[in-house]
Amino acid sequence: MKILLINTPRSPENRILKFAPEAAKPFIHKRLIGPPLGLMTIAASVKDHDVLLFDTKGEFDLTPEPPALESVVTRLVHDFRPDVIGSTAITSELYYAFEIFAIAKKLDPGIVTVLGGLHPTLLPYDCFHPSVDVVCPGQSPHVFRDVVRTVEAKTSLEAIPGILLNNGKALKRTAGNPRVWDAANADYLELDREPLKRWINTYKVGGSPFPSTYVFTSLGCPYKCTFCSIWPQFKGKYYQRSIESLITELHSMPDYPVVRFADANTVVDLGFMNDLFGRILEEGISKTFIMDIRADVAAQYPGIIQKMAKGGLKVVICGFESYRDEELKKYRKSSPASDIAKAIKVFHENDIMIRGNYVIPNDYSEDDFKALEEYSSGNPVVYAGYTILTPMPGTVYYKQVRQLVTDHDYRKYNFFNSVMKTTLPYEKFHERVGSLWLIKMGKDVI
Ligand code: B12
Ligand code: SF4
């Protein structure tokens with residue numbers, strides 16, 4: 001079977017960038033860079049077949065004048081002649097998956113299109129579109145393998161439990177639940193990064209001359225922040241990988257001196273991280289690590305940060321969210337605002353660069369912006385990010401504010417556009433968020 005896996009392009013919608021003062025524009029984050037870990041895993045599940053993995057994000061980053069999505073997909077379908085096309089979707093990229101499938105179906109209506117990823121996991125019925133044949137929610141490499149086998153055998157997809165099939169009028173769920181898949185442990189699939197070589201030079205972050213790749217050490221998150229999509233994706237469960245499988249993976253990627261841990265929250269089990277970095281040092285693995293760490297972890301356990309810094313931890317992404325305890329409580333962040341300053345101190349003492357991120361609610365007034373500016377300037381970090389508190393469909397926050405949502409265009413659900421009425425005039429609100437990006441210590445954007 002010929003299987004084409006296409007990563008969706010980014011949504012270009014970015015009102016913060018559009019309305020920001022000119023001086024702030026160079027610092028505003030425009031794109032996140034990195035290979036599609038989910039689709040790499042799907043590729044690994046069907047490696048006995050003829051698989052082509054294509055990263056449109058990487059492709060569009062190769063040239064300043066990227067080709068149109070239609071010409072990219074048309075060429076792929078013409079040249080490769082796939083039987084099955086798979087794609088992945090976060091909320092802001094859902095429509096691009098539809099577009100990819102629609103272009104392919106126009107060229108060859110016999111191609112079976114399969115959609116998976118975060119958005120189809122949270123809201124599978126949202127994925128109804130004439131171009132989508134099958135939706136596979138959850139960590140579903142094994143389900144995808146079953147779909148491919150069934151298409152090959154020309155038998156009915158109805159026999160695969162827990163997938164959604166398009167009957168022309170709606171998506172209909174097949175009976176039963178998919179077999180349990182232990183994505184982080186027993187069923188972990190070794191990844192082949194070779195097919196992504198074409199884009200390796202686009203996978204560079206923060207001015208680094210070296211390419212980076214993603215590795216997950218865990219899946220899910222034990223916390224329950226109201227605005228977050230990740231814990232609902234894993235139904236509140238948290239799965240840790242084994243240390244030795246991580247060591248093997250880290251040894252297997254000499255082309256990638258920079259490793260970004262893709263975990264929601266890397267340091268949950270302190271003992272695990274202590275042992276992992278012990279083994280990294282013992283094995284002489286020399287990499288630059290980037291990871292997400294909560295402020296309360298750094299504030300309370302400086303020892304683990306020191307150990308990880310010794311093992312190569314150089315950049316930390318830290319969701320500060322807010323400097324006000326009442327807002328943090330509302331978000332169920334379960335970390336007090338006072339931890340921010342403590343965490344910054346710990347990271348800086350260990351020569352770790354911080355990307356601290358604040359989320360800005362739509363009801364911020366001029367006084368709120370001024371107060372945040374004052375706090376953020378008094379607690380500077382090398383890279384600071386200011387994004388919009390967005391009600392991502394499928395989250396607790398979405399349920400809380402559903403009635404207030406005014407814009408249902410999913411392309412805008414990437415944290416860079418307000419989708420609710422703002423207290424300040426709409427343009428002014430985005431301009432003020434944009435101007436916050438000037439407050440930071442460094443010059444790079446990550
Ligand atoms: C890696 C990553 C990326 C990568 C790669 C994603 C890609 N496809 O291109 C990059 C760097 C490109 C990226 C970009 C963005 N990301 Co991102 N990203 C992540 C991250 C850190 C890890 C995801 C991951 O790899 N998980 C591990 C893999 C194994 O799981 P998975 O992807 O879910 O895949 C499994 C299943 O879903 C399923 N599956 C997935 N695809 C498919 C396809 C088929 C056919 C099938 C059958 C199954 C299937 O099987 C897979 C294997 O088990 C998550 C946070 C997190 N920790 O989860 C955020 C996250 C997914 N990103 C998010 C966002 C918002 C973005 C950005 C929009 C951010 C921004 N403002 O710029 C950008 C995109 C646009 C841009 N401007 O660049 C949000 C999504 C929220 C939402 N509800 O939409 C998350 C959850 C982070 C967050 N804090 O909320 N991201
Ligand atoms: S915001 Fe961070 S800590 Fe909170 S639930 Fe999401 S991943 Fe976990």
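1. Let's start with the sheet in this predicted model. Six strands form an open sheet, and their order is β8-β11-β12-β13-β14-β15, with parallel pairing. If strand pairing is new to you: strands of a sheet pair through backbone hydrogen bonds, either parallel or antiparallel.

2. Now look at the ends of that order. β8 (212-215) and β15 (383-388) each have a single partner strand, so one side of each has no neighbour in the sheet.

3. Strand β11 covers residues 258-261 and strand β12 covers residues 288-292; the two run parallel and are joined by three bridges. To find your place on screen, pick V258, which stands opposite T288 in β12.

4. Next, a pair of helices. Helix α9 (residues 243-251) and helix α10 (residues 270-282) have axes that come within 10 Å and cross at roughly 40 degrees. Their crossing is right-handed.

5. Which residues of α9 and α10 meet? From α9 they are I243, E244, L246, I247 and L250, and from α10 they are F272, D275, L276, R279 and I280. Sorted by class, the residues of this contact come out as seven nonpolar, no polar and three charged.

6. On to ligand 1, which has 44 residues around it; L32, T88, Q139, A262 and N414 come nearest. A polar side-chain atom of K57 lies 2.8 Å from an oxygen atom of ligand 1. In the side chain of T88, an N or O atom is 2.8 Å from a nitrogen atom of the ligand. With N414 the backbone is involved: one of its polar backbone atoms is 2.7 Å from a nitrogen atom of ligand 1.

7. Where does the shell around ligand 1 come from? The elements that give two or more residues to this shell are α2 (37-45), β3 (84-88), β4 (112-116), α7 (141-153) and α8 (230-233). The largest share, five residues, comes from α2. By class, the shell has 21 nonpolar, 17 polar and six charged residues.

8. Last stop, ligand 2. Around ligand 2 you'll find C221, Y223, C225, F227, C228, W231, A264, R294 and K333. How many residues of each class does the shell around ligand 2 have? Seven are nonpolar, none is polar and two are charged.

Key:
Residues numbered from 1 in each chain as written. Chains lettered and ligands numbered in written order. Predicted model: local features only at pLDDT ≥ 70, side-chain atom pairs only at ≥ 80, totals over all residues. Heavy atoms only, no water. Axes fitted to C-alpha atoms, helices over the stretch in contact; angles between N-to-C directions. Helix = DSSP H or I, 4+ residues; strand = E, 2+ residues; numbered from the N terminus. Left-handed = near helix turned anticlockwise from the far one by under 90°. Contact = heavy atoms within 4.5 Å. Nonpolar A, V, L, I, M, F, W, Y, C, P; charged D, E, K, R; others polar. Pairing = 2+ DSSP bridges. Near = heavy atom within 4 Å. Polar contact = N/O pair within 3.5 Å; in protein donor to acceptor, adjacent residues only side chain to side chain.
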